[in-house]
Amino acid sequence: MDALIEKLKGQIIEQLNLAEIKPADINPDAPLFGDGLGLDSIDALELIVLLEKYYQIKIKNPADGKMIFESVRTMAAFIQSQGKA
Amino acid sequence: MISAIGNNVSEAYVNLSNAKTGIGKVNYLNTRYKDEFVLGEVKLSNEQLMDLISYHSPALNRTSLLGIAAANEAVKHSGIDLKDGLRTGLISSTTVGGMCKTELFYGEMVNEGKHLEVLDSHDAGESTEEIADHLGIKDFVTTISTACSSAANAIMLGSRMIKHGMLDRVIVGGVDSLSKFTFNGFNTLMILDKEWCKPFDENRKGLNLGEAGAYLVIESETSLKKRNGKALAKVVGYANSNDAYHQTASSPDGIGATTAIQQALKMSGLAPSQIDYINMHGTGTPNNDQSESKATINVFGNNVPKFSSTKAYTGHTLAAAAGVEAVISVLSLQHNKIFPNLNFTTPINEFGLVPVTKVTDQNLNHVLSNSFGFGGNCSSLIFRIVNEG
Amino acid sequence: MPKQDIPSYFFADAYKHFEMNYPKFHKMDNLSKLGLIATDAAIKGNDFLQRNKPEATAVVMVNKASSLDTDRIHQQSINDKNNYLPSPATFVYTLPNIVIGEIAIKHKLTGENLFLVCNEFDAQLLIDQAQITFSQETRAAICGWVDYDNGNADALIYLVEIADDSIKNTNFIPLNATTLNQLYK
């Protein structure tokens with residue numbers, strides 16, 4: 001799980017163009033949205049693209065994203081649950 | 001105007017009056033999603049459009065064809081003589097430009113270097129220039145590109161230029177054709193509804209894209225008197241404001257929209273109670289309809305006028321939208337008829353606003369038309385009927 | 001105004017030079033980055049923003065290439081059936097007026113906006129358009145030509161305000177990539 005989390009952090013930084021953030025800056029349990037990284041609705045959509053691009057997981061309903069993208073850890077858990085880790 | 005509900009204004013009026021939508025499965029746009037989505041497509045192929053404008057040229061892309069067809073109709077209908085020496089301008093809007101054609105050839109262009117001449121017709125300004133060339137307009141020609149509020153800004157700019165004495169008359173409006181570029185883009189933003197859109201409905205899921213060309217002729221009073229012309233309506237108020245919130249989402253409090261409506265009212269000298277009908281932007285997306293409802297209540301309080309979104313008839317025609325809706329607003333004023341907000345069942349819980357759901361006869365003097373675009377660009381226009389005698 | 005080929009590190013360097021402190025910058029497309037940098041350069045060291053009410057400050061921009069640079073990127077992403085991955089963040093920038101949106105968001109400007117597409121830089125057009133904009137609520141405007149296409153950047157931003165009863169150009173700094181390079185070096 002930890003290896004997946006580290007990999008995810010790097011992918012998130014790249015996909016969302018978070019140029020001023022390093023993987024070490026991201027707390028895997030901290031909320032991704034809200035104050036933390038200052039992500040917005042477009043970033044949420046980009047995370048959906050990320051899941052498809054790197055893990056071949058398709059999310060049809062953006063509303064599902066809320067739970068999946070709560071934190072890096074919940075993202076990793078979701079990916080593992082889909083058997084795509 | 002040429003749109004999903006008719007190839008000219010008369011046809012559109014018939015469908016508007018019969019509550020008949022133009023949204024359905026596409027025939028001409030070749031997208032992988034053909035069978036999954038409904039869109040507001042003009043019911044003519046490019047070949048048929050060329051027949052319509054009596055001009056055949058493979059160089060013309062669909063945007064230009066729709067634009068020429070609509071602008072031709074507007075000029076004819078107005079009765080102006082473009083050769084009488086008065087200063088005439090063309091202010092057109094588009095977001096797609098020539099992309100509808102470029103995308104068909106893109107693969108070959110990049111991989112084989114073929115069809116590069118198609119790139120000549122790609123620019124946003126291209127369709128405007130084609131229209132200008134066709135009509136012979138030289139005094140002032142420009143292209144506005146402010147997303148979904150473009151045509152409203154064209155109407156605003158045209159009106160101002162006449163007011164400032166820079167032009168005697170101006171053809172204003174916009175055109176956008178369906179393209180895979182736009183369709184795929186909106187799809188990644190997840191704001192499309194696969195089914196028929198439901199503006200202002202609690203269970204709305206998103207918008208249906210549409211295509212259209214829609215133009216109006218705005219003239220100075222002097223120029224109108226000179227030729228003993230008759231105006232259908234008068235532009236009495238307009239305003240533009242930026243929401244300054246997000247590139248594609250509207251602020252939950254509808255601040256930009258509120259300001260635009262208020263300033264348009266201020267300019268017109270009208271009290272909110274004097275607005276008889278609002279043609280809403282009403283795309284059917286969860287975000288817009290919430291934000292626009294809030295803005296409407298901000299301005300009108302407990303006395304919200306009769307309103308409807310006509311996008312369930314035509315689809316969201318992007319840069320042409322405000323032009324389409326200006327034409328529909330003028331038709332409403334002319335015929336004292338409000339065209340309904342189709343496909344509505346349940347009001348939005350938060351606001352409880354109920355739009356007009358059936359074609360309604362009503363004496364109308366002032367109509368407010370809203371258009372809100374990506375980039376936070378909010379525009380509102382107010383039209384007044386011009387009565388004979 | 002001669003177009004300037006700019007190096008790929010230009011935006012990152014300019015961002016640091018102007019101490020922009022605005023992480024959203026890195027998510028923007030080239031046109032928006034150019035517009036933001038040019039605007040920041042224009043308002044730096046003067047109190048234009050503080051002097052003028054945000055709701056009375058307009059933004060009027062013109063260019064030739066519209067959003068073509070970003071359009072191509074989006075087109076590429078939807079072109080290959082086997083590698084189909086359109087990016088919502090890219091699509092957002094396939095409209096030239098988004099650069100105005102970004103300037104408005106960053107500086108909290110809620111006044112009027114206008115974006116025109118023309119074949120070439122036309123000073124008279126810009127002057128006329130700014131003048132027309134002042135006919136309603138506008139009391140100040142950020143105006144300019146912001147064009148970006150294929151690595152070529154061309155930007156000129158100037159500030160206009162009403163002084164007494166007449167419109168006066170308070171700042172006319174030719175801001176193309178050359179002088180910007182000089183500024184940040």
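Visitor: Which residue stands opposite Arg384(B) in E11(B)?

Guide: That's His366(B). Before we go on: this is a predicted model, where local features need pLDDT of at least 70 and side-chain atom pairs count only at pLDDT 80 or more, while totals for chains, interfaces and linings use all residues. Residues are numbered from 1 along each chain as its sequence is written, and chains are lettered from A and ligands numbered from 1 in the order in which they are written.

Visitor: What makes strand E10 (residues 366-373) and strand E11 (residues 377-385) of chain B a pair?

Guide: Strands pair if DSSP finds at least two bridges between them. E10(B) and E11(B) have 8 bridges, in the antiparallel sense, so they meet that rule. Strands here are DSSP runs of E with at least two residues, helices are runs of H or I with at least four, and both are numbered from the N terminus.

Visitor: Where does that pair sit in the open sheet?

Guide: The sheet has 5 strands in the order E5-E11-E10-E6-E7 (chain B), with mixed pairing. E5 and strand E7 (306-308) of chain B are the edges: each has a single partner strand, so one side of each lacks a neighbour in the sheet. On average, neighbouring strands are turned by 20° against each other, direction ignored. H6(B) lies across E5, E10 and E11 of chain B, at about 120° to E5(B).

Visitor: Why are H1(A) and H2(A) called oblique?

Guide: Angles run from 0 to 180 degrees between N-to-C directions, with axes fitted to C-alpha atoms (for helices, over the stretch in contact). Under 35 degrees counts as roughly parallel, over 145 as roughly antiparallel, 65 to 115 as roughly perpendicular and the rest as oblique. Helix H1 (residues 2-15) and helix H2 (residues 41-55) of chain A have axes that come within 10 Å and cross at roughly 125°, and therefore the two are oblique.

Visitor: Which residues make that contact?

Guide: From H1(A) come Gln11(A), Ile12(A) and Gln15(A), and from H2(A) Glu46(A), Leu50(A) and Tyr54(A). Contact means that the C-beta atoms, placed from the backbone, lie within 7 Å. By class there are 3 nonpolar, 2 polar and 1 charged. Nonpolar covers Ala, Val, Leu, Ile, Met, Phe, Trp, Tyr, Cys and Pro; charged covers Asp, Glu, Lys and Arg; the others, Gly among them, are polar.

Visitor: How do you know that chain A is as compact as a globular protein of its length?

Guide: Chain A has 4 helices and 0 strands. Its radius of gyration is 12 Å, close to the 12 Å that the globule rule gives for 85 residues, so it is as compact as a globular protein of that length. The radius is taken over C-alpha atoms, and the rule is 2.2 Å times the number of residues to the power 0.38.

Visitor: And what does that rule say about chain B?

Guide: Chain B has 12 helices and 11 strands. With 20 Å, close to the rule's 21 Å for 389 residues, chain B is as compact as a globular protein of that length.

Visitor: How many residues of chain B are in contact with chain C?

Guide: 41 residues of chain B are in contact with 38 residues of chain C. On chain B's side, H7(B) gives the most, with 5 residues. That side has 13 nonpolar, 24 polar and 4 charged residues.

Note on methods. Contact = placed C-beta atoms within 7 Å.
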